[in-house]
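Here is a short briefing to read alongside the structure. Keep the sequence at hand.

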Amino acid sequence: MSTKNLNADNHVEEHHGAPSGIMRWLLTTNHKDIGSLYLLFSLLMFFIGGAMAMVIRAELFQPGLQIVEPDFFNQMTTVHGLIMVFGAVMPAFVGLANWMVPMMIGAPDMALPRMNNWSFWILPFAFLILLMSLFMEGGGPNFGWTFYAPLSTTYSNDSTALFVFSVHIMGISSIMGAINVIVTIFNLRAPGMTFMKMPLFVWTWLITAFLLIAVMPVLAGAVTMVLTDKYFATSFFNAAGGGDPVMFQHIFWFFGHPEVYIMILPAFGIISQIVPTFSRKKLFGYSSMVYATASIALLSFLVWAHHMFTTGMPLAGELFFMYCTMLISVPTGVKIFNWVATMWRGSLTFEVPMMFSIAFIVLFTIGGFSGLMLAITPADFQYHDTYFVVAHFHYVLVTGAIFSIMAGAYYWLPKWTGNMFDEKLAKTHFWLSLVSVNVLFFPMHFVGLAGMPRRIPDYALQFADFNAVISIGGFAFGLSQLLFVAVVYKCIKGGEKATAQVWEGAEGLEWEVPSPAPYHTFETPPTIK
């Protein structure tokens, strides 16, 4: 047997040399390699999911049925949602966690490197199964990404089985990733790094990881019951057999609402790293940020039924969920206030990561306000299942989660590649994205308030002009993301070398401003004994 020794990068290296080529990526246990794999995979899924959104917007460009059948339209809305949530946003955040968490806490690698490899490599298979279901006889899943019963049980085709299997694999991957993050943060922090000295990105990911472990089994339970109702004659959600279709919604949203915060808490962490750097100030209110993040996570378990106001719940239930939903806006408001206070009287410069971060703060706040409107029970009766809701969650997930991922990618790209990216191209990407994303999603508020229902391939003539504008915004936003790929590709290939002090004018600041910074004047720091 050949002796194995561990090299500095935590790769297993044998006497005849480390694996190279494709095997290096298949077998890697290095957190940086796995982080890169997650990020590239999520970029691919972002474009596949985006292509489906383009089909949706092409169909809705004008009234009447244009290019696709209603059933295929429903398949596109379903798979677009699933891919963007589980294939684009979540793996991107896991990729950022893999890259940055060990470096931020002074760990040599993730605590469970082989499990880390496995949790990534099962993901491509999950999405291959989901995408292949579209080519089955009868087509793919067509019941919306929320797969409400009885649409997903009684009235669905046989792609349901593949959909359930695919979701199970995604869930296994998420749970393993979350366990890895928790174990790494608890056990591998550098000496002297207490919990309240951890950078905020690490804190938000620690809390997110606990959320994942809490809610992923709930999703697994929901999809398993859907599977047995469809194929094994159980009646969990079938009223004729003594089941309850509304129970499905309770179980799904008990997973689904914390899931929304799983997709936004790491974004808060990224913004909390970037804003202090380009404000040249310590983050305002570090401990309140930690407590606000934990409060949001805990409250996210108490608000699930605000998605269900129209199902006919008792008045006491409606009031409880309405007030809890309003309450969750308080810690979120604390975060917005702290970011603005950090920028207040700072020496601001507007590099691309900071531009995306400021856009995040403004546009995510719009998403937050429309969420507050949806929290008001009597008003929600009008908004429910209209494009107002679509506008709301896309402001949270596109200008929230996606913009923060872009901000993080631009912020850390020089660290990852050793090269500076093309600033002019990146700024063009930012401005095109900013304008087009608002042309795409802002008018949806108005068509929604006027009563245009979501998930329907046709609409009344009165909505035609708005929908044409929305679709043009959608195509523009989709095409401008190709610039992002160009920037990343150019940066990986080469370019101006990044200095140790990569962001000009950020003298005296470390790369990630430790929050709270252990030392914060711009003079020479005292020697550490």
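Predicted model: local features only at pLDDT ≥ 70, side-chain atom pairs only at ≥ 80, totals over all residues.

A search of the whole structure finds three salt bridges.

**Salt bridges**
- R24 pairs with D33, and their closest N and O atoms are 2.8 Å apart. R24 is partly exposed at 32% relative accessible area, whereas D33 is buried at 7%.
- R454 pairs with D385, with 4.0 Å between the closest N and O atoms. R454 sits in the loop between α15 and α16, and D385 in the loop between α13 and α14, so the pair ties together parts 69 residues apart in sequence. R454 counts as buried at 15% relative accessibility. D385 counts as partly exposed at 38%.
- D422 pairs with K490, the closest N and O atoms being 2.7 Å apart. This pair links distant parts of the chain: D422 is in the loop between α14 and α15, and K490 is in helix α16, 68 residues apart. D422 is partly exposed at 25% relative accessibility, and K490 is partly exposed at 44%.

**Helix packing**
- Helix α2 (residues 31–59) packs with helix α3 (residues 70–105) at about 155°, and their axes are 7 Å apart. The two are therefore roughly antiparallel. Their crossing is left-handed.

**Surface patch**
- I22, M23, L26 and L27 make a nonpolar surface patch of about 370 Å². L26 belongs to helix α1 (residues 22–27) and is partly exposed at 35% relative accessibility.

**A residue in α16**
- A476 lies in helix α16 (residues 464–493). A476 is partly exposed, at 36% relative accessible area. Its C-alpha atom is 31 Å from that of T332, 144 residues apart along the chain.

Key: Residues numbered from 1 in each chain as written. Heavy atoms only, no water. Patch = residues over 30% accessible without salt bridge, like charges linked within 9 Å, V, L, I, M, F, W, Y side chains within 5 Å. Areas by Shrake-Rupley, 256 points an atom, 1.4 Å probe, with all protein chains shown as cover. Salt bridge = Lys/Arg side-chain N within 4 Å of Asp/Glu carboxyl O. Helix = DSSP H or I, 4+ residues; strand = E, 2+ residues; numbered from the N terminus. Buried < 20%, exposed > 50% of the residue type's maximum accessible area, 1.4 Å probe, protein only. Axes fitted to C-alpha atoms, helices over the stretch in contact; angles between N-to-C directions. Parallel < 35°, antiparallel > 145°, perpendicular 65-115°, else oblique. Left-handed = near helix turned anticlockwise from the far one by under 90°.
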